[in-house]
Amino acid sequence: MANHGYSDNILNQIYKIIMKRSLLFLLTALLTLSLFSCSKDEDPKPEENEVEEIFLSSFYTNLMVQLDWDHLEGVDYYNVYFAEKGNDLEKIATIDEDGDRIRFTINEGIQGDTEYHVKVKGYNADSKVIGSSGDVVFTTPE
């Protein structure tokens with residue numbers, strides 16, 4: 001009988017070791033799963049960071065440049081940047097007009113047969129860029 005009690009004791013110890021290891025494995029697995037389910041998606045939502053395209057239409061002569069574009073939803077004001085090609089763009093106007101279509105005319109300092117570049121950016125009330133035209137390059141006629 002003593003031999004039988006000795007084997008029961010060993011079996012109990014083996015059972016306890018197996019249970020502890022199983023419990024440790026189960027807790028580790030649950031913790032790992034909970035970390036994965038609680039982690040946030042690191043990729044920002046595209047609509048939060050994307051800048052909408054402003055499509056500029058332009059008409060120009062040797063004396064003036066006329067720009068117009070569709071108003072973008074969420075834009076409170078536009079900045080117009082302009083320069084002779086080869087020079088850095090400079091802000092020449094801030095426009096806060098309402099309406100479906102925005103029009104702006106540059107009629108000072110324009111020369112014939114000259115290459116210029118222009119860009120329009122739209123901003124919300126927090127001065128965050130909502131839209132941009134990209135750099136538009138053109139040459140005025142002589």
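Which backbone nitrogen lies 3.4 Å from a polar atom of the side chain of Ser132? In this predicted model, that nitrogen belongs to Gly134.

The protein has two helices and nine strands. Of the 142 residues, 25% count as buried. The accessible surface comes to about 10,600 Å², and carbon and sulfur atoms account for 53% of that. Now contacts between residues at least 6 apart in sequence: 64% of these join residues at least 24 apart.

Next, the helical part. Helix α1 covers residues 2-38, and Ile14 lies in it. Ile14 has a relative accessibility of 42%, so it counts as partly exposed. Together with Ile10, Leu11 and Ile18, Ile14 forms a nonpolar patch on the surface. The accessible area of those four residues together is about 350 Å².

Now the inside. The largest nonpolar core contains 21 residues, and Trp69, Tyr78 and Val80 have the most contacts inside it. Five strands each supply at least two residues of this core: β3 (65-70), β4, β5 (90-95), β6 (101-106) and β7 (115-123). Take Val80 as an example. Beyond its neighbours within four places in sequence, Val80 is in contact with residues including Leu67, Trp69, Ile92, Phe104 and Val118. Lys119 is also one of its contacts, and I will return to that residue.

Strand β4 spans residues 77-84 and includes Asn79. Is Asn79 buried or exposed? Its relative accessible area is 6%, so Asn79 is buried. The side chain of Asn79 makes a polar contact, at 2.8 Å, with the side chain of Thr94. With neighbours up to four places away left aside, Asn79 is in contact with Lys91, Ala93, Thr94, Lys119, Val120, Lys121 and Tyr123.

That brings us to Lys119, in strand β7. Its relative accessibility is 21%, so Lys119 counts as partly exposed; the cut-off for buried is under 20%. Lys119 touches Asn79, Val80, Tyr81 and Leu89, and also Ser132, Ser133, Gly134 and Asp135, again not counting residues up to four places away in sequence. Glu90 is 29 residues from Lys119 along the chain, and the C-alpha atoms of the two are separated by 9.5 Å.

Back to Ser132, which lies in strand β8, residues 129-132. Ser132 has 18% relative accessibility and therefore counts as buried. Leaving out residues up to four places away, Ser132 touches Val51, Glu52, Glu53 and Ile54, as well as Lys119, Val120 and Lys121.

Last, two loop residues. Most residues other than glycine have a negative phi. Asp113, in the loop between β6 and β7, is not a glycine, yet its phi is positive, at about 55°. Ser127, in the loop between β7 and β8, also has a positive phi without being a glycine; the value there is about 65°. Ser127 has a relative accessible area of 46%, so it is partly exposed.

Note on methods: Residues are numbered from 1 along each chain as its sequence is written. This is a predicted model: local features need pLDDT of at least 70, side-chain atom pairs count only at pLDDT 80 or more; totals for chains, interfaces and linings use all residues. Side-chain values use heavy atoms; hydrogens and water are left out. Helices (H or I, at least four residues) and strands (E, at least two) are DSSP runs, numbered from the N terminus. Buried means under 20% relative accessible area, exposed over 50%, partly exposed in between (1.4 Å probe, protein chains only). A polar contact is a pair of N or O atoms within 3.5 Å; within protein, one must be able to donate a hydrogen and the other to accept it, and residues adjacent in sequence count only if both atoms are side-chain atoms. Contact means heavy atoms within 4.5 Å. Patches are made of residues with over 30% relative accessible area and no salt bridge: like charges are joined within 9 Å, nonpolar side chains (Val, Leu, Ile, Met, Phe, Trp, Tyr) within 5 Å. Accessible areas come from the Shrake-Rupley method with a 1.4 Å probe; for residues, only the protein chains shown count as cover. A salt bridge is a side-chain nitrogen of Lys or Arg within 4 Å of a carboxyl oxygen of Asp or Glu. A nonpolar core is a set of buried Ala, Val, Leu, Ile, Met, Phe, Trp, Tyr and Cys residues joined through side-chain atoms within 4.5 Å.
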